[in-house]
Each structure stands twice: as structure tokens, then as C-alpha cells.
Amino acid sequence: MPRNPLPLTTLVILILIGSMWVSPETARGQMLFSRGDCNTDGVRNIADVVHGLGILFSGAGPANCADACDVNDDGGNDISDPIYMLGNLFSGGPNPPLPDDCGPDPTADTLDCLSGPASCPPPVEDCSNGVDDDGDLDVDCADSDCQGDPACAPPASFVVDIYPIISDQCVFCHGPPSNFANLDLSLEAGNDPYARLINVPSIECSSYVLVEPDVAGSSWLWRKISGTHVEAAVGAGCDPADAGTQMPLGPFCCLEQETIDLFEQWINEGANP
Ligand code: HEC
């Protein structure tokens, strides 16, 4: 009577070897993985089959990445997974479903990765997509990784961000005694520079207000510091001869682009006090 060919014996041996290879790690959320790379070593080969069988039949679990061991992506870890992998490796069977190279799981299931494969880049938190990308349970700006990310910066404020610039670069002309263009931006005698700007019509082009919250392009002050005031005047039907010069006037012109952009940001964020 012919002896049973190799596979079964091989599998049993492989199961035994596989059972020695597992190192569980701290629980974390969804990681990037490659489906079929059950032992998370970065390649798909017979060692993954061995590892999967070890977990199923020799108490070698838990899997580092149960998602990676769910070779057929049916949402569970069972014998059909190593069989699928064997079919793919040795009998021309189909490739496992995606991800095939360090991706998130595209299908919802209860499986997860305890640790991502060392060969996959660590997942990075996207600070503005409402998703816990790196699986540390902190979403977007609540994640310490997002500290310093522009998306998480508090909105610009007049008092904190804008007025120091005005005080330094504008008030020596736009304050007593000159108050050029009748624009007093000083804090003298109870003057309120914020109130002096918000929704107050420009004297140079009255179709514009000095600051229109949310719309830098409709704000004469921003037009004047960015040097786009003449075209704005023409577009609004004002006499360009009345539009004057870019601010700060003459030899004091102009603000750094970064500073001009900060004014733009402040206005577009709602011109917060
Ligand atoms: C050296 C003096 C001087 C400085 C500094 C200066 N301005 Fe002016 N500003 C003027 C004069 C003069 C006018 C009117 C003539 C003109 O527009 O060229 C004017 C006009 C304006 C107007 C138009 C007001 C309106 O109602 O239409 C705005 C807005 C303005 N300045 C903003 C600023 C800001 C913001 C700064 C600082 C970043 C600044 N200016 C710095 C002298 C100055």
C-alpha cells in the first residue's frame, strides 16, 4: 500500500515549528499590513502558512496581525486561510485580497493587528480627516502627534497676532497726531482699533470696507498691504487715483509676505478679536 505523500506530515511538522515563532505585542488599533503576511515579516511565503496553522492548531496565538492571517478576507481566522495561501503559493490560486503591500483593511471586520509589520511604515496621523489613522485612539488634533500642525493651530486673533504688527508698523502714521486717511489705529483716548476696522467703509474706495470678516479679498486693509488695491478699485468702480499707495507708506513699505498672509488668514478665519 503506497504511503500517503508528503503534505499532511509536512503540515504537522510545520505546525510545530510555527508554534515557536510568535511574539505577541501590546494591543493597538488598525495598522497597515499586507494580507497573507501572517507572521508579519514583510514577505508572503510558506512561513506564513506555518504561522497561521500554528495559531489555529497549536495555541501559538494571538497573531501579531489577525487581519494579515485572514488570507481570504472573510472576517475570520480559520483553516480556509492557510489553504488559500497554499493555493496561491503552490497551485496558481488567486492572490489574497488587498492590501497586498502595507495598506489599511478595506473591509470592515472585527480582526485587528496588535502590531504592524516591521516592514510597513508606521501609520501616521492625518490631523484633519476625522479618523484615528495611527490607531492610538486619539483622533486628529487630540493626538499629540498633531501638536504644531497648522490644522490644529488656534485661529489667529486681532489682539494676539495682528495688533502687535499694526502697533509697530502703522500707528506712528495711523495714530495721533497724524491719523493719516483719518484712520486712527492707536489705543489712545479709549480708541478701539478693532472696531475702527471691522465693516467700516474705506474712504479711498467706499465699495470696500476696511475689514470684511471671512473675505480678505473684500477687505480694503488687506488690499492696501498686499498691493492689490488699484486693481480692486478698478474692479469696484472706484477711481484708481483715489486708491493711494501700498501700505505701509513709502519707505516703510512693505510688510513681509508672511505677515501679509497672516492678515489674510486672520480675516479669512473670521477676523477674530
Ligand atoms: C508713513 C505713514 C504711514 C504708514 C507707516 C502707514 N500708513 Fe496707511 N496711510 C497713510 C497715508 C498717508 C494714507 C492715505 C494715502 C494713501 O493711501 O496712499 C494711508 C491710507 C491707508 C488706508 C486706507 C484707509 C481708507 O479708509 O481707505 C489703509 C487701510 C491703511 N493706510 C492701512 C495701513 C496699515 C495697515 C499700515 C501698517 C501696516 C499703514 N497703513 C501704515 C500713511 C501711512
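Tutor: A definition comes first: a polar contact is a pair of N or O atoms within 3.5 Å, and within protein one must be able to donate a hydrogen and the other to accept it. Keep in mind that this is a predicted model.

Start with Asn72. Asn72 sits in the loop between helix H3 (66–69) and helix H4 (80–90). Its side chain makes a polar contact with the side chain of Ser80, at 3.0 Å. Setting aside neighbours within four places in sequence, Asn72 touches Ser80, Asp81, Tyr84 and Pro97.

Now the metal site. His174 (NE2) and Met247 (SD) coordinate the iron atom of the ligand, at 2.0 to 2.2 Å. This pair joins distant parts of the chain, 73 residues apart. His174 lies in the loop between helix H5 (158–169) and helix H6 (193–197). Met247 lies in the loop between helix H8 (229–235) and helix H9 (257–268). Why is the arrangement around the iron atom octahedral? Because the six donor atoms subtend angles of 88 to 178° there. Both His174 and Met247 are buried.

Next, the surroundings of the ligand. There are 23 residues around the ligand, and Cys170, Cys173, His174, Glu204 and Met247 come nearest. One from His174 lies 2.8 Å from a nitrogen atom of the ligand. One from Thr245 lies 2.8 Å from an oxygen atom of the ligand. For Trp220, a polar side-chain atom lies 3.3 Å from an oxygen atom of the ligand.

Technical notes. Residues are numbered from 1 along each chain as its sequence is written. This is a predicted model: local features need pLDDT of at least 70, side-chain atom pairs count only at pLDDT 80 or more; totals for chains, interfaces and linings use all residues. Side-chain values use heavy atoms; hydrogens and water are left out. Helices (H or I, at least four residues) and strands (E, at least two) are DSSP runs, numbered from the N terminus. Contact means heavy atoms within 4.5 Å. Donors are N, O and S atoms within 2.8 Å of the metal (3.2 Å for Na, K and Ca); water is not among the atoms, so sites may look incomplete. Four donors count as tetrahedral if all angles lie between 85 and 135 degrees; four count as square planar and six as octahedral if opposite donors are over 155 degrees apart and all others between 65 and 115; anything else is irregular. Buried means under 20% relative accessible area, exposed over 50%, partly exposed in between (1.4 Å probe, protein chains only). A residue is near a molecule or strand if one of its heavy atoms lies within 4 Å of it.
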